[in-house]
Every structure is written in structure tokens, then in C-alpha cells.
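User: I would like to go through this model step by step, asking at each point what a description rests on. Please set each value against the criterion behind it before you conclude.

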Amino acid sequence: MIESNRLRIAIQKSGRLSKDSQKLLKSCGVKFNVNEQRLIAHADNMPIDLLRVRDDDIPGLVMDGVVDLGIIGENVLEEEQLERQLVNKPAECTKLRELDFGACRLSLAVPNEFSYNDAQSLEGLRIATSYPNILRRFMQEKGINYRDCMLKGSVEVAPRAGLADGICDLVSTGATLEANGLYETEVIYRSMACIIQSTQTQTPSKQALIDKILSRVNGVIRARE
Ligand code: PRT
Ligand code: ZN
């Protein structure tokens with residue numbers, strides 16, 4: 001991507017974080033209109049471009065210095081960092097702050113009929129997840145061997161479909177687990193949305209704009225508490 005004097009901020013295009021991310025930036029005084037068909041939205045009143053992408057792409061865009069800032073779930077950030085460390089890709093970025101939306105937890109869950117004592121109950125079993133690296137770290141810390149079942153979606157139906165014995169998936173209310181005859185046994189990671197910055201050199205004017213945005217984010221969140 002060509003270098004730009006405008007600050008680039010990556011946000012989720014459509015999904016659970018997109019409305020709150022846009023609302024936060026608007027509350028910080030960034031004026032923009034989103035055209036659903038367009039990848040980029042230019043701010044009218046500040047040198048800022050918003051990149052609207054899949055949430056999974058946001059940490060990498062920040063770590064590679066393609067964009068300056070990103071708004072992303074800590075769960076996705078953590079998973080991407082662990083993945084990149086494995087394959088020796090740049091995995092650094094600065095977490096500027098946690099935000100006040102996107103709360104969820106990454107949890108282990110098993111079918112209602114499964115008798116679970118502790119994580120050791122999963123020894124040798126197959127676990128479906130979209131978060132293989134966070135799961136591996138947890139299981140290694142506990143010294144438990146398990147088998148992978150990598151699914152990008154429909155994780156909660158894997159046990160019923162006979163693909164896995166248990167799952168490791170995001171939970172907020174727990175309604176999805178319940179609807180699929182599963183119960184939560186262990187929280188392995190707690191997550192909120194957060195704002196991250198690239199570690200690659202910023203121009204002083206971009207850094208000044210980042211500082212201004214961050215101070216406004218702090219004010220907006222304080223006022224909402
Ligand atoms: O298309 P794109 O790749 O951008 O989006 P996505 O489908 O990968 O992500 P999306 O929009 O579903 O979620 C974006 C982020 O929102 C996640 O990475 C989390 O940081 C955060 N978040 C907060 C959640 C949830 N709560 C959540 N409940 N993400 C997903 N869920 C799902 C969960 O996977 C499960 O299927 O909701 C279901 C469980 O919800 P409950 O309320 O029934 O427990
Ligand atoms: Zn995604």
C-alpha cells in the first residue's frame with residue numbers, strides 16, 4: 001500500500017464490533033459517512049481514512065504497518081500474535097487501551113451428558129475451535145494432550161455432528177451453548193474490544209493525531225461509565 005499522510009484506522013466492516021467502533025470514532029469527533037460497498041471511508045474534518053475489513057485481518061494490518069490503528073477483539077489479537085510467533089512473522093503492536101464493548105470469553109464447553117471434573121477430563125479427546133493457538137497454550141500449561149478440530153464457523157454444532165467431543169468457543173450470554181446441548185466448563189480467555197497501534201515509525205503529525213484521538217477515547221469512555 002502506498003504511504004499516506006492520512007492516519008489509517010482499520011475497523012470491522014460488518015459484525016459485532018462494527019457499529020460500536022464507528023460510534024466511538026464519531027463520538028471522538030471524527031466525521032465520516034460509510035458507503036457499504038466501499039472499503040475506505042474518508043473523514044471529512046480530519047486527515048483520517050477508515051479501512052473497513054474482516055476482523056481477522058485487522059491485527060495483521062497493524063503489525064505489518066499497513067494501517068496505523070485498529071479496533072479489534074483481544075481474542076483475535078491474541079490468536080494472531082500466537083500464530084505469527086509460530087511462523088516468525090512480525091507480531092508486535094501496542095495496545096493503547098481496552099474499550100467498553102465487545103465483551104466475551106473464550107471457553108471450553110462439553111455436551112450436557114459429559115461428566116467433566118476438570119480440564120484433565122479432556123485428555124486424548126478432540127476439541128473443535130477457531131482459536132487453536134490460545135487453546136494449545138492453555139492445554140500445554142495444564143499438560144493435557146488433546147486432538148484438534150479446526151473450524152472457522154459452526155463450532156457449537158461439532159459435538160452433535162460427531163466431529164468433536166468438546167468445543168472451545170466464544171461465549172457472551174451462553175444462549176448458543178444451551179441451544180446446542182452444551183455447558184461451559186472453563187473460561188480460558190476473557191476479552192474486550194481494544195484499540196491497537198502499529199509500532200512502525202509514525203510521522204510527528206500522525207502521532208499527534210493518535211494522541212488526540214486516544215485522549216478523546218478516554219474522555220468518551222469516562223463519560224459513558
Ligand atoms: O466477518 P468477520 O470475520 O469480520 O466477523 P466474525 O464473524 O469473525 O466476528 P463477529 O462479528 O461474530 O465477532 C467479532 C468480535 O466480537 C469477536 O472476535 C469478539 O471479540 C466479539 N464478540 C463478543 C463475540 C461475541 N461477543 C459472541 N458472542 N464474537 C462472537 N460471538 C459468538 C460466538 O462465537 C457464538 O457463536 O456468539 C455466539 C455466542 O453468543 P451467546 O450470547 O449465545 O453466548
Ligand atoms: Zn472474523
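User: Which residues are closest to ligand 1, and how many surround it?

Analyst: In this predicted model, ligand 1 is surrounded by 22 residues, and the closest are Gly-15, Gly-73, Cys-104, Thr-173 and Thr-176. A residue is counted here when its C-beta atom, placed from the backbone, lies within 6 Å of the ligand. By class, the shell around ligand 1 holds 6 nonpolar, 10 polar and 6 charged residues, with Gly counted among the polar ones.

User: Which elements supply the shell around ligand 1?

Analyst: At least two residues each come from H3, strand S9 (166-171) and helix H5 (175-179), and S9 gives the most, with 3 residues.

User: Why is ligand 1 said to lie between domain 1 and domain 2?

Analyst: The protein is divided into domain 1 (7-102 + 192-224) and domain 2 (104-191), bounds that come from an automatic or database domain assignment. Both domains give residues to the shell around ligand 1, and therefore the ligand lies between them.

User: How far apart are the C-alpha centres of domain 1 and domain 2, and what makes up the contact of the two domains?

Analyst: The C-alpha centres lie 29 Å apart, while 9 residues of domain 1 are in contact with 9 residues of domain 2, contact being C-beta atoms within 7 Å. On the side of domain 1 that touches domain 2, the largest share, 6 residues, comes from H3. By class, that side of domain 1 has 2 nonpolar, 3 polar and 4 charged residues.

User: Why are H3 and H4 called roughly perpendicular?

Analyst: The axes of H3 and helix H4 (residues 132-142) cross at roughly 80° and come within 8 Å. Angles of 65 to 115 degrees count as roughly perpendicular, and H3 and H4 are therefore given that description. Where they meet, Glu-78, Glu-79, Leu-82 and Glu-83 in H3 face Asn-133, Ile-134 and Arg-137 in H4. The classes in this contact are 2 nonpolar, 1 polar and 4 charged residues.

User: What is the strand order of the sheet with 6 strands, and which strands are its edges?

Analyst: The order is S2-S3-S1-S4-S11-S5, in an open sheet with mixed pairing. Strand S2 (40-42) and strand S5 (94-98) are the edge strands, since each pairs on one side only. S5 and strand S11 (residues 193-197) pair in the antiparallel sense over 4 bridges, where at least two bridges are needed for strands to count as paired. Within this pair, Arg-97 has Ile-195 in S11 as its bridge partner.

User: Which helices lie against this sheet?

Analyst: Helix H3 (residues 74-86) lies across strand S4 (69-73) and S11, at about 105° to S4. Helix H6 (residues 204-224) packs on the sheet and touches strand S1 (7-12), S4, S5 and S11, its direction making about 40° with that of S1.

User: What makes S8 and S10 the edges of the sheet with 5 strands?

Analyst: This open sheet, with mixed pairing, has the order S8-S7-S9-S6-S10. Strand S8 (147-150) and strand S10 (182-191) each have a single partner strand, so one side of each is left without a neighbour in the sheet. S8 runs parallel to strand S7 (residues 126-129), joined by 4 bridges, and Thr-129 stands opposite Met-150 in S8. H3 also lies across strand S6 (104-111), S9 and S10, running at about 75° to S10.

Terms used: Residues are numbered from 1 along each chain as its sequence is written. Chains are lettered from A and ligands numbered from 1 in the order in which they are written. This is a predicted model: local features need pLDDT of at least 70, side-chain atom pairs count only at pLDDT 80 or more; totals for chains, interfaces and linings use all residues. Axes are lines fitted to C-alpha atoms, for helices over the stretch in contact, and angles run from 0 to 180 degrees between N-to-C directions. Angles under 35 degrees count as roughly parallel, over 145 as roughly antiparallel, 65 to 115 as roughly perpendicular and the rest as oblique.
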